[in-house]
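Colleague: I would like to go through this model with you, starting with the strands. Please keep to what was computed from the atoms.

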Amino acid sequence: MRLLVIEDEVKLAQYLYKGLSENGHVVDLAHDGIEGRRLAIGGEYDLVLLDVMLPGIDGFGVLQAIRAEKRHLPVLMLTARDRVEDRVRGLEQGADDYLVKPFAFSELLARVGALLRRGQQVGAQPATELHLADLSLDLLSRRAERRSERLDLTAKEFKLLALLLRRRGQILSRTTLAEQVWDMNFDSDTNIVEVAVRRLRAKLDDPFPTKLLHTVRGMGYVLEDRAPS
Amino acid sequence: MTTCNQLLCSHSIAGRLSKKLALFAAVVIGLVSGASWLSMAMMVKERNAQEQARSCDIVADILALEARNGGERAVLQRLNSDAPTRAKAHLQVLRADGSVLYADPMSDALHQSSHQRTQAFQISTPGVAGGMLQARYTMDFTRSAELGKRWALTLVAVSLAAGVVVALGAGWFVRRSLLPLGGLAAQTRAISPQHLHQRLALADPAEELLPWVTQFNALMDRLQRAYTQLEAFNADVAHELRTPLATLIGETEVALSRERSPEALRETLQSNLEEMQRLSALVNDMLFLSQADRGVTARRGAPVSLAALAAQVSEFHEATLEDAGLALRIDGDATLPVDEPLVKRALSNLLGNATRFATPGSTVVINIAPAADAEQVQLVVQNRGQAIAADHLPRLFDRFFRVDSARCCEDGQHHGLGLAIVAAIARMHAGRTVAESASGTTRVGFTLAA
């Protein structure tokens with residue numbers, strides 16, 4: 001996927017470049033609004049990461065230019081200003097999503113992935129059964145099994161496991177999990193997600209030799225089969 | 001100040017008051033003087049008329065007597081001999097047929113005088129042809145008119161002088177009465193951030209100034225409290241940031257001080273990341289609080305069931321509640337347009353708190369009910385557990401306030417802004433905070449305006 005990052009803060013732009021490249025994207029950088037606008041309109045990109053405060057033209061100006069030329073190019077806005085008006089203004093002018101600095105990189109990656117999928121998956125049948133190693137989930141009957149043994153999960157635990165399984169291999173932050181599973185759209189300062197994951201792990205992994213649910217310290221959780229096959 | 005009368009315009013109360021009082025005094029005294037002058041003038045005029053009538057009577061009597069004794073000749077003789085007694089008057093006597101019998105020579109003074117008065121009368125004289133005489137007696141009253149004029153001038157002068165005296169006197173008195181204001185200004189000037197505890201005091205309490213001074217002092221009390229709180233908050237923020245920063249710097253320095261295996265470096269980075277995320281959460285919470293302080297209000301959506309929101313939040317807390325061996329119950333409901341994410345956040349913070357402090361095995365209750373004043377809905381989370389001291393209750397919602405610092409923060413997850421955020425969310429919904437603790441039950445929550 002080709003991404004354009006329009007960000008004037010060099011250190012942040014470099015780390016975005018590094019992180020996104022390592023996750024399989026081709027990344028171009030623009031350090032001011034004018035260059036960003038030229039690249040966004042002239043180049044072929046699947047997604048634009050756009051900072052609000054930019055020299056030259058600010059992010060809203062760039063966004064306007066992009067929307068005038070390319071109506072369907074997904075734009076993810078980044079800003080240090082957590083003002084509601086800003087957020088509303090960005091979304092009203094056609095931004096597809098909005099992230100407030102400081103943000104976790106895993107969070108950014110998840111949003112980028114979601115926006116890119118949104119562009120592609122139109123019409124694709126969502127799977128009703130998910131598998132990973134000896135784990136299988138039937139989304140319709142809400143059954144979770146490992147080695148054909150039924151796992152006794154609560155509704156939320158099932159939802160949590162389904163999300164981790166659908167996004168297998170991706171690190172999901174606590175914030176993302178709280179948002180997607182429990183619809184809690186705020187940074188909770190307690191260890192609630194941690195406890196929930198621990199309880200899921202007790203049912204999912206503890207009785208079995210191969211562990212699937214892994215903690216990535218400081219970043220979140222990932223569901224993957226790490227056993228050498 | 002566009003239509004400002006030059007005479008009445010002044011920027012000092014004393015100046016304005018004394019000018020107005022002076023004008024007022026001059027007008028009142030002027031009116032009194034005018035009235036007294038008028039009545040005096042009328043009295044003088046009446047007295048003059050009486051005097052003239054008496055003179056006319058005397059003349060008539062004398063002439064009637066002379067006419068009876070000696071006819072026209074005797075009358076004429078008497079008139080001529082008496083002429084000097086009428087120096088300031090003029091007498092003209094006519095016969096019955098209108099011809100002039102006698103006239104006093106016209107004196108210059110009388111001729112020029114504008115204050116003269118003529119009285120005509122008839123004298124019955126049977127011994128004279130026609131049987132009667134007509135007389136015209138003119139008198140000069142210039143002197144009494146002049147007296148009246150001088151009196152009037154005196155009165156005008158007295159009125160003006162009284163005005164001036166009142167102006168000066170009033171100015172002096174007013175300035176004297178307003179002296180405490182100058183003292184208050186000096187006292188106010190002396191209050192600075194270093195001397196915030198100072199208050200205004202009146203040496204001689206005046207009823208008009210006292211409420212002002214009391215209000216000002218109350219305002220200063222509130223300001224001082226806010227200022228002290230802000231200073232403490234700044235110190236707390238610095239402290240909260242310094243500890244993780246020190247850890248980060250130290251850990252990184254140690255990691256870099258010698259060759260490390262990739263695993264060891266990864267370990268350091270992961271630990272640093274956790275620390276930085278804690279910092280980031282702290283900064284985000286502080287930004288949220290500062291937005292609430294700036295007066296940002298909640299974005300209310302369509303009316304929702306608060307019990308349903310509470311159920312969502314308790315699902316989120318399901319695992320931690322079970323871990324702590326706690327049961328949960330939701331009592332009551334109300335449907336209200338609220339900012340859903342904010343109310344969920346507040347409830348989550350309250351529930352987190354209750355979970356940490358509840359006695360294991362007890363039941364945590366989320367209670368939704370109309371507040372005492374019925375205008376608002378009250379959302380309270382109730383838990384069994386050690387009571388909170390009464391003097392701690394009002395401070396529960398202060399930033400970084402911890403009832404028992406040793407007990408709450410061993411996991412480093414709770415930076416002491418949770419309840420401050422609840423208070424901010426209540427404020428954003430025009431509500432207030434609620435905290436009670438009695439006989440082993442602690443109730444902490446907030447209200448929402450409908």
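Colleague: In which sense do strand β1 and strand β2 of chain A pair?

Modeller: The model is predicted. Strand β1 covers residues 2-6 of chain A and strand β2 covers residues 26-30. Arg2(A) stands opposite Val26(A) in β2(A). Over five bridges, the sense of the pairing is parallel.

Colleague: Through which helix does the chain cross from β1(A) to β2(A), and what is the hand of the crossover?

Modeller: The path is a β-α-β crossover by way of helix α1, residues 10-22 of chain A. Its hand is right-handed.

Colleague: Which strands stand at the edges of the open sheet of four strands in chain A?

Modeller: The order is β6-β7-β8-β9, with antiparallel pairing. An edge strand has a single partner, so one side of it is left without a neighbour in the sheet. The strands in that position are β6 (129-132) and β9 (149-150) of chain A.

Colleague: What angle does helix α6 of chain A make with β6(A)?

Modeller: Helix α6, residues 155-166 of chain A, packs on the sheet and touches β6, β7 and β8 of chain A. Between its direction and that of β6(A) the angle is about 70°.

Colleague: How many residues of α7(B) are buried?

Modeller: Helix α7 spans residues 340-357 of chain B and reaches 26 Å from its first C-alpha to its last. The helix is largely enclosed by the rest of the structure, because the buried residues number 15 of the 18.

Colleague: Which helix gives the largest share of the side of chain A that touches chain B?

Modeller: In this interface, 23 residues of chain A are in contact with 28 residues of chain B. On the chain A side, 10 are nonpolar, six polar and seven charged. The largest share, four residues, comes from helix α8 (residues 192-204) of chain A.

Methods:
Residues numbered from 1 in each chain as written. Chains lettered and ligands numbered in written order. Predicted model: local features only at pLDDT ≥ 70, side-chain atom pairs only at ≥ 80, totals over all residues. Contact = placed C-beta atoms within 7 Å. Helix = DSSP H or I, 4+ residues; strand = E, 2+ residues; numbered from the N terminus. Nonpolar A, V, L, I, M, F, W, Y, C, P; charged D, E, K, R; others polar. Expected span 1.5 Å × (residues − 1). Buried ≥ 20, exposed ≤ 12 C-beta atoms within 10 Å, placed from the backbone. Pairing = 2+ DSSP bridges. Right-handed = clockwise from strand over helix to strand, strands pointing away. Axes fitted to C-alpha atoms, helices over the stretch in contact; angles between N-to-C directions.
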